[in-house]
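Hi,

Here's the structure I promised to pass on.

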Amino acid sequence: MPLADPTPPSSTIPGPAANSPPATPEPASLSDRVDLLVQTGSLLLQHGADAGRVEASLRQMEAGLGIDRIDAIVMSKTILLTATRQEAHHTRVARVPIVGVNMNSLNEIEQLLGLFQQGQVTPEQLKRVLNQIASLPHHYSRSVIVVAVGLACAAFCRLFGGDWAALAITGVAAAIAAWVRMWLNQRQVNYFLVVLLTALTASLVAGSALWLSQTPQSALTAAVLLLVPGVPLINASVDILRGHISAGLARATTSLVVFLGIALGLGIVIRLLQVQL
Amino acid sequence: MSGAELAVLLIQKGGWAAVATLGFAVLFNVPKYALPYCALIGALSYALRTALMTGGMGLVLATLGAALLIGALATILAQRFGVSGTLFAVGPAIPLIPGSYAYKAVMGMVMAANAPEMEPGGELLLAAFDNGLKATLTILFLSFGIALPGLVWSAFRRGGADD
């Protein structure tokens, strides 16, 4: 929770503003309002919302900001937005850095927007709380995440019929790979390189299953699964199904490139160790 | 396969799927209170897909069934907690993604491209295409199945209460 307020889940909201009338928003400058819209949209997009969800959230803010009409185009990493108020209009193009899926932030922002729509939050408070949400720390520490990813891939190994030795090796390999991926991401390395190096790490470590396990294939297959771009893939089809074709195709292409990176990393190790998958 | 054997298989698969779901839910920063629900949905949906496939259904349609279950449960929980259903749906969706098909497809294409000439039966290309088709349709049906219950619910509610 952004504010130190004990009552979840809608605790982001300070009390005294609840009586401000939503019908008469003060005429703040249109460019400030557009800034706020772009900030909201960027936060949603960079934490893993699909294009339709971002557009719906922006439209939710129209009335509360005293804007007559919002036209937005949401791409996979860009938001184009024009707000119209009477005769005036203002346009901004924002490039959005993708930081990774963060369900907690998405959830907080959606609840905040719901309250904003009901008029329980002023635009100024909205801006303040958005900044707080943007700087929220991850719920789980890096070590917890590394262990969780290791366990998840170990479970996949078991689902693929691996024995206990393969399961343990997969867990270690995926955990090391998860750590390597975080380390590389922090250094802003190109995403394809991140995938390739992480896949190489995971499959090199998992390759030890050749000597220690009866089912080395399951370990090699499962250890790289942490790289499967699950949320981008689902967002890609949701975008395409809802008619956001270009955003969806961009996400699908990115996912395809990620799969290419996984296959390349795994393929190199398989060649080195001369395994049959 | 007898009923008892099937039950043991489903419980085992469901249990491991729950572990995988939890791991990815933590990676996606799902709040702690939602984690047990995610694990439960992950276990149920994976067990449902395994059951449907054991009953002779193909991967694509079995995944659609499992995805509809995820979508329905996530929509119910979303109403109860007043949050977006995605919170409960993202983790359980991951074990259902046919990752191995997808990269078998990509790997097959790389191998086919790397071969000096096409082999007589075109086996490599066919296998790559088959894997790619299964992966693509499974992912499409997965996301469609997850989204559908929420869409139906909001349409139904808008028609009823206008809010």
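Predicted model: local features only at pLDDT ≥ 70, side-chain atom pairs only at ≥ 80, totals over all residues.

Helices and strands here are DSSP runs numbered from the N terminus (H or I with at least four residues for helices, E with at least two for strands). A:Thr82 has A:Thr91 of strand 3 as its bridge partner. The hairpin leaves 2 residues between the strands, and A:Gln86 takes a positive phi near 50° there.

Residues are numbered from 1 along each chain as its sequence is written, and chains are lettered from A and ligands numbered from 1 in the order in which they are written.

Now the chain contact. Chain A puts in 36 residues and chain B 38, a contact being two C-beta atoms, placed from the backbone, within 7 Å. On the chain A side, 24 residues are nonpolar, 10 polar and 2 charged (nonpolar: Ala, Val, Leu, Ile, Met, Phe, Trp, Tyr, Cys and Pro; charged: Asp, Glu, Lys and Arg; polar: the others, Gly among them). Helix 5 of chain A gives the most to that side, with 10 residues.

Helix 5 (residues 142-159) of chain A meets helix 1 (residues 3-27) of chain B, their axes coming within 8 Å and crossing at roughly 150°. Axes are lines fitted to C-alpha atoms, for helices over the stretch in contact, and angles run from 0 to 180 degrees between N-to-C directions. The two helices are therefore roughly antiparallel to each other (over 145 degrees; under 35 would be roughly parallel). Among the residues that meet are A:Val149 and A:Phe156 from helix 5 of chain A, and B:Trp16 and B:Phe24 from helix 1 of chain B. This helix contact divides into 17 nonpolar, 1 polar and 2 charged residues.

Within chain A, helix 1 (residues 30-46) and helix 4 (residues 123-134) pack at about 30°, axes 11 Å apart, so they are roughly parallel.

Cheers

Key: Parallel < 35°, antiparallel > 145°, perpendicular 65-115°, else oblique. Pairing = 2+ DSSP bridges.
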